[in-house]
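I opened this notebook to look up how aromatic rings pair in a protein chain, and then to follow up one further residue.

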Amino acid sequence: MTLYRFCFLLFAFTWNTSAYGPNQRAQKKGDIILGGLFPIHFGVAAKHQDLKSRPESVECIRYNFRGFRWLQAMIFAIEEINNSPTLLPNMTLGYSIFDTCNTVSKALEATLSFVAQNKIDSLNLDEFCNCSEHIPSTIAVVGATGSGISTAVANLLGLFYIPQVSYASSSRLLSNRNEYKSFLRTIPNDEHQATAMADIVEYFRWNWVGTIAADDNYGRPGIEKFREETEERNICIDFSELIAQYLPEDQLQQVVKVIQNSTAKVIVVFSSAPDLEPLIKEIVTRNITGRIWLASEAWASSSLIAMPEFFHVMGGTIGFALKAGQIPGFREFLQKVHPKKSANNGFIKEFWEETFNCYLPEGNKNYPGMAAFHKGREEGTGGGNGTAAFRPPCTGRENITSVETPYMDYTHLRISYNVYLAVYSIAHALQDIYTCTPGKGLFTNGSCADIKKVEAWQLRIASSDAQQTPKQPGFLSAGINHD
């Protein structure tokens, strides 16, 4: 009786997590499913939660074109692998990709859906109850972006030994193999970046600086490493401040006051762009100029900061960037995006609307975030790239190459390339399982896993043993980083 009740509860949980879409996810069936976590939005709307009523999921706001391009890189890699005659032949990779909205809560909401199905499969309940049509477990997760978000996701996925391969989380804390057993990444950790920042400060003989860091697992360890390096180089730090995307107004004003009153003209910043943006806006408002900014890679090339109205304050910033890579065919793939051709990608409708400042008259009210949009359009209010009340209907004949957005900026593929590597790294680990010779396998007594019934923990072992990259022209010699 208890077993049947447990089956019912898990089924109900799985059904609820699937209600988190379909339009809030990109999803395609396959023999093996890869999960994905990407910041399709920069944040969530502030919302007062009344404890007397049922909690509601917060609305994601401010569209992130680069985040959507990173998602497209994952889909492109999966389709390329599925079309390969040599890599995982006769096997099809599917995907289930969610929007983290650059917040821990949304990322965990998505991660729970990965865990739920994985748990059902591990309990082998099919012989006791036919809960639903079988959905393959999520065998690995590509993501997330920010180190703070990846840390929260890693804590959850690690409980179920589900491999997680991040394409952008560089915090050195995530190098702790004892704490984050299932975490891997295709980006170096911040140890070298922090040292390089100190090298630059020393080279220009800037011996009086200020530091600013995001109050998370990316900013704090990064700036701490920088401070350790400065102690060996006779560099003095005038102030050290912590910031966040949702920093209270009085605390934000205090940070700005410290910067304005400081005699340090060089400011070293270890932060993501969403966390830094509110501070920069206030500095621009107060017209605090004459500073040299030293930027970590997470915000150095961000479209949130590289705004014309910020240039008189931020112009001359010295920043770090990841090494770019080439993805043959990716440009053409990006150009083919269209609402009518992408039934598996529930994010494309909003992408199309934000790109062309129009609205799709059919089906929009069915996906989250658009109810408020339509209400605003009817009442004469709204947001996005223009006032919603004046958005014309999309015709479907819009030309994606006629507009300039970060989505089509494929000249220097950095994070997109890391996403691509992450997918291929997982695929090569699966290939090792697929081609395993009994007696020479990674498991007990040299046994092999069954590729058709492979479990997440088995892939985790194979991923930790693999050090391979896609054998395609133009690839850098980089793969999974085990630190």
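I began with the rule for ring pairs: rings of Phe, Tyr and Trp (its six-membered ring) pair if their centres lie within 6.5 Å, and planes under 30 degrees apart count as stacked, over 60 as edge-to-face and the rest as tilted. By that rule I found that the structure holds 20 aromatic pairs.

I noted that this is a predicted model, in which local features need pLDDT of at least 70, side-chain atom pairs count only at pLDDT 80 or more, and totals for chains, interfaces and linings use all residues. Residues are numbered from 1 along each chain as its sequence is written, and side-chain values use heavy atoms, with hydrogens and water left out.

I looked up Y63 and F351, whose tilted pair has 6.4 Å centre to centre and 45 degrees between the planes. Y63 lies in strand β4 (residues 60–63) and F351 in helix α12 (residues 348–356), so their pair ties together parts 288 residues apart in sequence; helices (H or I, at least four residues) and strands (E, at least two) are DSSP runs, numbered from the N terminus. Ring pairs link Y63, F65, F68, F351 and Y407 into a cluster.

Are Y63 and F351 buried or exposed? Both are buried, where buried means under 20% relative accessible area, exposed over 50% and partly exposed in between (1.4 Å probe, protein chains only).

Finally I checked S182, which is found in the loop between β7 (164–166) and β8 (183–185), and I noted that S182 is buried, with a relative accessible area of 4%.
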